[in-house]
Amino acid sequence: METKKTIKPWRPTLHAVLLNGALFALAALIYASIPSISRYQWSFYCGFFVSVALGLTAQRIPNCIVSVLCGFAWALLYWYLPGWLMTLGMGKIIAVVLGEFICTSSLLFIHLYFLKNTWANVVPFMFCAVANVYASGGPQNIPYCGGSIIIAICCCVLCNTIAGKINRKYLAKEQAVNSL
């Protein structure tokens, strides 16, 4: 009796997971080894995690980069609007809550309705950029956060591309064996 080999459905996932894990570990090593950039390691993490969650492909890199840049523009509004509202006589808590409401509602409506068919349509990266500005201590860190997020996007897409090529070869090999 002849047994037929079957394709192991977990292998393609394993290839992608191992490649992404190795790249992530390498990035952690680089950031941890260079003190001047170590505080932006979480920016890389944030960009990488969002990229993995979205299953990015090379064709979407421009959308993601433009969305990150838009997110930094929004971050400036998030950062400064409460202060501007306080100069109008509002209390701090009211100004912060109203500012967050205005910024978040505006960002979502503009990018999900008016700009949904443009390169500025990847809202998770906008919120990633906003969060990074707050976590890093302010707008002065935008270039460093932005660079780390964009590097993470490119690294994740590179891993996904390599994993895709490995998986295509693996699946072709398995199908050839099964057709015998």
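A residue counts as buried under 20% relative accessible area, as exposed over 50%, and as partly exposed in between. This model is predicted, and the values below are computed from it.

C154 has a relative accessibility of 35%, so this residue counts as partly exposed. C154 belongs to helix α6, which covers residues 142-178. In sequence, C154 and I61 are 93 residues apart, yet their C-alpha atoms are 7.4 Å apart in space.

Overall, the protein has six helices and zero strands, and the order along the sequence is α-α-α-α-α-α. Its radius of gyration is 21 Å, well over the 16 Å that the globule rule gives for 180 residues, so the protein is more spread out than a compact globule. Along the principal axes, the C-alpha atoms fill a box of roughly 85 × 40 × 25 Å. Of the 180 residues, 37% count as buried. Among contacts between residues at least 6 apart in sequence, 76% join residues at least 24 apart.

The axes of α2 and α5 come within 10 Å and cross at roughly 165 degrees. An angle over 145 degrees counts as roughly antiparallel, and α2 and α5 are therefore roughly antiparallel to each other. Their crossing is right-handed. The residues that make the contact are listed by helix.

| Helix | Residues in the contact |
|---|---|
| α2 | W42, S43, C46, G47, V50, S51, L54 |
| α5 | P124, F125, C128, N132, A135, S136 |

By type, the residues of this contact between α2 and α5 divide into eight nonpolar, five polar and no charged.

Key: Residues numbered from 1 in each chain as written. Predicted model: local features only at pLDDT ≥ 70, side-chain atom pairs only at ≥ 80, totals over all residues. Heavy atoms only, no water. Axes fitted to C-alpha atoms, helices over the stretch in contact; angles between N-to-C directions. Helix = DSSP H or I, 4+ residues; strand = E, 2+ residues; numbered from the N terminus. Parallel < 35°, antiparallel > 145°, perpendicular 65-115°, else oblique. Left-handed = near helix turned anticlockwise from the far one by under 90°. Contact = heavy atoms within 4.5 Å. Nonpolar A, V, L, I, M, F, W, Y, C, P; charged D, E, K, R; others polar. Buried < 20%, exposed > 50% of the residue type's maximum accessible area, 1.4 Å probe, protein only. Rg over C-alpha atoms; globule rule 2.2 N^0.38 Å.
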